[in-house]
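Hi,

Here is the model I promised to pass on. Have a look at it first, and my notes follow below.

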Amino acid sequence: MSQKRALVLQRFLINVAIIEWHQLWRKQMASNHLRRIAVSVHEPRRGEFYWTLMESTGDITVWNELYAAKESVPTYGEALRTGVGILVDMGSDEDGPRLVGEDENMPPVG
């Protein structure tokens, strides 16, 4: 396979992944309960900052990691802005990120 053909295939696969990711988030917005998601920044080594998105479970004291940076950035602010940007992209400005398949007869958590 030529290098050009491989590049076209790679771009196609990336676009398919983006479309699937977008469809998943659209489904999440269709539910009734807002998700409890927090952005955290940690610095395991001086000058290496990573963002993490965590979601509260039914027990408000338990948080599960949703997404995390795979590579560090040089500043706390950049890590925070990136994590917040991912969180913003998870929902609409009007509704925020919503749960998928939530039982609408259950009371909201918390």
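A quick definition to start: pLDDT is the predictor's confidence in each residue, from 0 to 100. Helices (H or I, at least four residues) and strands (E, at least two) are DSSP runs, numbered from the N terminus. This is a predicted model, so local features need pLDDT of at least 70 and side-chain atom pairs count only at pLDDT 80 or more, while totals for chains, interfaces and linings use all residues. Residues are numbered from 1 along each chain as its sequence is written, and side-chain values use heavy atoms, with hydrogens and water left out.

On confidence, the protein chain has a mean pLDDT of 78, with 70% of its residues at 70 or more. Among its elements, β1 has the highest mean (94) and helix α1 (residues 3–29) the lowest (68). Go carefully with residues 102–110, where pLDDT stays under 50; the model has 10 contacts (heavy atoms within 4.5 Å) beyond four places in sequence for that stretch.

Now the hairpin. Strands β1 (residues 37–45) and β2 (residues 48–56) run antiparallel and are joined by 7 bridges; strands pair if DSSP finds at least two bridges between them. His42 has Tyr50 in β2 as its bridge partner. The hairpin has 2 residues between its strands, and Gly47 in the turn has a positive phi of about 80 degrees.

(A nonpolar core is a set of buried Ala, Val, Leu, Ile, Met, Phe, Trp, Tyr and Cys residues joined through side-chain atoms within 4.5 Å; buried means under 20% relative accessible area, exposed over 50%, partly exposed in between, with a 1.4 Å probe and protein chains only.) Leu53 touches residues including Ile37, Leu66, Ile86 and Met90, not counting residues up to four places away in sequence.

What about aromatics? The structure holds 1 aromatic pair (ring centres within 6.5 Å, using the six-membered ring for Trp; planes under 30 degrees apart are stacked, over 60 edge-to-face, the rest tilted). The rings of Phe49 and Tyr76 have centres 6.4 Å apart and planes at 85 degrees, so the pair is edge-to-face. Phe49 lies in strand β2 and Tyr76 in helix α2 (residues 76–89), so the pair ties together parts 27 residues apart in sequence. Phe49 counts as buried because its relative accessibility is 13%, whereas Tyr76 is partly exposed at 45%.

Cheers
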